[in-house]
Amino acid sequence: MRIRYKHTFEYAKGIERAFMGLEEKFKLKNPLKFTSKRSIEAVIFLIIFLGFFGFLAHRMTLPMMLNTFMQTAYHLLMETVFYIMAICVLMGAISKLMAEFGVVRLLENILRPFMKPLYNLPGVAALGAIMTFLSDNPAIITLSKDKNFSRYFNKYQLISLTNFGTAFGMGLVVLAFMTGLGYGKGALVGIVGAIIGSIVSTRLMQRFTLKAYPELAAPVSEEEGDEQQISFKSEGSVFMRFLNSILDGGKDGVGIGLAIIPGVLVISTLVMMMTFGPDTTLGTYTGAPYEGVPIITWGAAKIDFVFKWLFGFTSPELISFPITALGAVGAALGLVPRFITQGIIDSNAIAVFTAMGMCWSGYLSTHTAMLDSMGYRKLISKAIGAHTIGGLCAGISAHWIFVLISLI
């Protein structure tokens with residue numbers, strides 16, 4: 001046994017020496033070495049992960065926490081996600097029809113004169129607002145890469161389209177969702193607030209960009225073009241165009257509906273478990289959906305007077321909506337039915353939700369990718385800062401406009 005052990009040990013040492021020789025000769029990295037940075041990152045993640053869920057399990061008990069986690073996700077999928085997906089499919093078909101039969105072009109022509117005085121953007125930017133309103137944030141990137149579209153912009157203006165387009169993302173879906181719940185008046189006021197927030201965000205982004213990089217005041221292209229060349233091609237008979245539009249638009253709606261599922265199930269579930277407490281009737285945890293430890297509610301209650309004055313929120317739980325909208329507006333919409341069931345929502349809150357949901361529209365998760373695809377990663381922090389301010393202005397504006405209308 002000793003001889004066998006000795007040979008095995010020497011064999012292992014020989015392999016190690018051989019690998020070290022190859023490492024020196026070919027400058028290979030030893031896969032057996034763990035970098036301290038990755039190790040520290042793993043330890044920190046485990047501490048936060050286990051600490052968070054350990055705290056919930058301590059308060060709720062582990063079986064109840066796991067059951068609530070899964071039940072909440074399931075109920076959100078069945079009761080909210082499929083409802084939002086149905087809206088996305090219908091609105092996708094309608095938006096495609098509007099583009100196919102010239103309504104988008106008509107709206108663009110109507111809105112074009114307002115672009116320069118309000119946003120300091122050329123008239124064709126109106127097309128970007130309409131397309132993101134009818135679909136989602138990334139639609140503005142497709143337009144910005146079109147040379148026939150971007151030729152009318154200076155570089156800093158083209159960059160600010162990230163903020164401009166995001167402020168209208170999924171607007172039609174948000175409007176239809178809120179109206180379908182019976183809060184059409186609040187939703188319309190919210191759109192006005194979102195427009196105000198979009199102006200603030202776009203103007204601030206332009207200001208930040210020019211201050212940091214004055215050379216970006218140069219035009220994107222020296223070429224001149226006719227704005228009327230930006231159009232939507234239509235081929236075939238009216239019936240086939242109609243049929244293709246509703247089918248293609250519905251398919252795009254399915255894509256948007258599928259894209260919001262992870263955000264709703266993961267983000268909304270976690271937010272709800274940090275917003276609502278135990279069963280209100282029994283006063284204990286039962287493992288039912290929408291229970292949790294109200295960490296967010298507790299924190300918001302400490303500065304409740306701020307949210308009452310700024311947004312008119314009557315309950316600290318409502319702050320969960322704008323917090324969730326930072327990552328995904330679809331996930332934020334998943335919170336609304338629960339707020340209605342709790343009886344803590346009103347038309348003013350819907351106005352603020354619509355404004356901040358549209359304006360922020362998950363910008364924390366999209367701004368990075370959008371600016372990176374445009375080649376301006378260095379401006380990500382400025383875009384996020386400008387849009388954060390814009391979203392707050394949107395919510396505040398919606399609240400005070402609603403108060404003014406109520407007084408009239």
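Modeller: The sulfur of C359 lies 8.5 Å from the closest cysteine sulfur, that of C393, which is too far for a bond. A disulfide here is a pair of cysteine sulfur atoms within 2.5 Å, and a search of the whole structure finds zero of them. The model is predicted, so local features need pLDDT of at least 70 and side-chain atom pairs count only at pLDDT 80 or more, while totals for chains, interfaces and linings use all residues. Residues are numbered from 1 along each chain as its sequence is written, and side-chain values use heavy atoms, with hydrogens and water left out.

The two cysteines also have their accessibility assigned. C359 counts as buried, at 0% relative accessibility, whereas C393 is partly exposed, with a relative accessible area of 25%. Buried means under 20% relative accessible area, exposed over 50%, and partly exposed in between, with a 1.4 Å probe and protein chains only.

C359 belongs to α18 and takes part in the contact of that helix with α10. Helices are DSSP runs of H or I with at least four residues, numbered from the N terminus. Helix α10 covers residues 184-212, and its axis comes within 7 Å of that of α18, crossing at roughly 40 degrees. Axes are lines fitted to C-alpha atoms, for helices over the stretch in contact, and angles run from 0 to 180 degrees between N-to-C directions. The two helices are therefore oblique to each other; angles under 35 degrees count as roughly parallel, over 145 as roughly antiparallel, 65 to 115 as roughly perpendicular, and the rest as oblique.

On the α10 side the contact (heavy atoms within 4.5 Å) includes G186, G190, G193 and G197, along with A187, A194 and others. On the α18 side, S347, I350, A351, T354, A355 and M358 join C359.

The largest one has 98 residues, and F153, L161, F164, M178, F339 and F353 have the most contacts inside it. A second, separate core has seven residues, among them L56, M60, M273 and Y285.

Note on methods:
A nonpolar core is a set of buried Ala, Val, Leu, Ile, Met, Phe, Trp, Tyr and Cys residues joined through side-chain atoms within 4.5 Å.
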